[in-house]
Each structure stands twice: as structure tokens, then as C-alpha cells.
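Student: Could we go through this model together? I would like to start with the overall fold and then look at the details.

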Amino acid sequence: MLDFPKIEFRLLSIQKRKVRIYIFFHVSVRKKFKSPLPLYINPSFWDTKKQEVISSYKLSKKINENLKIIRDQLEKREEIEYLNDNKSYKYIEKVLYSKYLIENSLTSKS
């Protein structure tokens with residue numbers, strides 16, 4: 001049996017340059033949302049199994065901490081069960097990103 005909501009972080013590219021980290025948010029079996037995070041990482045520093053940045057990267061602690069915050073905040077949102085479309089998900093995403101990622105200006109692209 002699958003547990004929902006399920007949150008995953010992945011890279012969609014394995015190129016040898018910085019690529020975006022994506023969040024995959026599965027609300028139910030039929031409802032899932034995908035969106036890019038404003039974070040960039042070289043794929044050689046990404047641990048696919050753990051879905052985090054490996055410790056040898058200089059900003060790994062900061063990025064992993066923010067990924068954890070995003071995961072926790074998404075899981076705590078009461079509106080999650082009422083998500084019907086991509087527009088409502090984008091709103092929640094925008095609030096979380098602006099609060100936890102953009103203000104901290106991690107590896108956000110300028």
C-alpha cells in the first residue's frame with residue numbers, strides 16, 4: 001500500500017553542468033504534481049537514493065536543510081487534501097519557495 005502524500009526530489013538531467021532540482025508531489029495515485037525548485041546542482045553531487053546533495057559539496061548542508069523544510073512544510077499543509085489542479089498547487093509552491101528558498105538565496109539563479 002502506498003502512503004500519500006509522497007514527496008520526491010529528483011534531477012531530470014544528468015548533464016555535466018548545473019541542473020535544476022525538481023520536486024515530485026504525489027497527492028494520491030491519480031494526482032501528482034511536478035515543479036522545478038529554484039535550486040541548481042551538478043548531478044555528480046546528487047545522491048539519487050537519499051534524494052539529497054552529497055556532503056562533499058560546499059553548500060550541501062544548507063541545500064539539504066532547505067529540501068527538508070520544503071518537504072516538512074508540504075506535508076503539514078492542510079490544503080493538500082483539497083488540491084484539485086495545478087493552479088492550486090502552484091500557489092502553495094510559490095508561498096513555500098518565497099518563504100524558504102528565495103529569501104535565503106541559496107543557489108537560486110539570478
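Student: Among contacts between residues at least 6 apart in sequence, what percentage join residues at least 24 apart?

Tutor: In the protein chain, that share is 48%, where contact means heavy atoms within 4.5 Å. The model is predicted, so local features need pLDDT of at least 70 and side-chain atom pairs count only at pLDDT 80 or more, while totals for chains, interfaces and linings use all residues. Residues are numbered from 1 along each chain as its sequence is written, and side-chain values use heavy atoms, with hydrogens and water left out.

Student: Which pattern does the chain follow?

Tutor: The pattern along the sequence is β-β-β-β-β-α-α, with 2 helices and 5 strands. Helices (H or I, at least four residues) and strands (E, at least two) are DSSP runs, numbered from the N terminus.

Student: What is the strand order in the open sheet?

Tutor: The order is 1-2-3, with antiparallel pairing of the 3 strands; two strands pair if DSSP finds at least two bridges between them. Strand 1 and strand 3 are the edges, each with a single partner strand, so one side of each has no neighbour in the sheet. From one strand to the next, the twist averages 25 degrees. Strand 1 and strand 2 are joined by 6 bridges, and K6 has H26 in strand 2 as its bridge partner.

Student: And which strands does helix 1 touch?

Tutor: Helix 1 packs on the sheet and touches strand 1, strand 2 and strand 3. Its direction makes about 150 degrees with that of strand 1, with axes as lines fitted to C-alpha atoms, for helices over the stretch in contact, and angles running from 0 to 180 degrees between N-to-C directions.

Student: Which residues of helix 1 are buried?

Tutor: They are S60, I63, N64, N66, L67, I70 and L74. Buried means under 20% relative accessible area, exposed over 50%, and partly exposed in between (1.4 Å probe, protein chains only).

Student: Changing topic, which residues does W46 touch?

Tutor: Leaving out residues up to four places away in sequence, W46 touches F9, R10, L11, I21, I41, Q51, E52, V53, I54 and L67.
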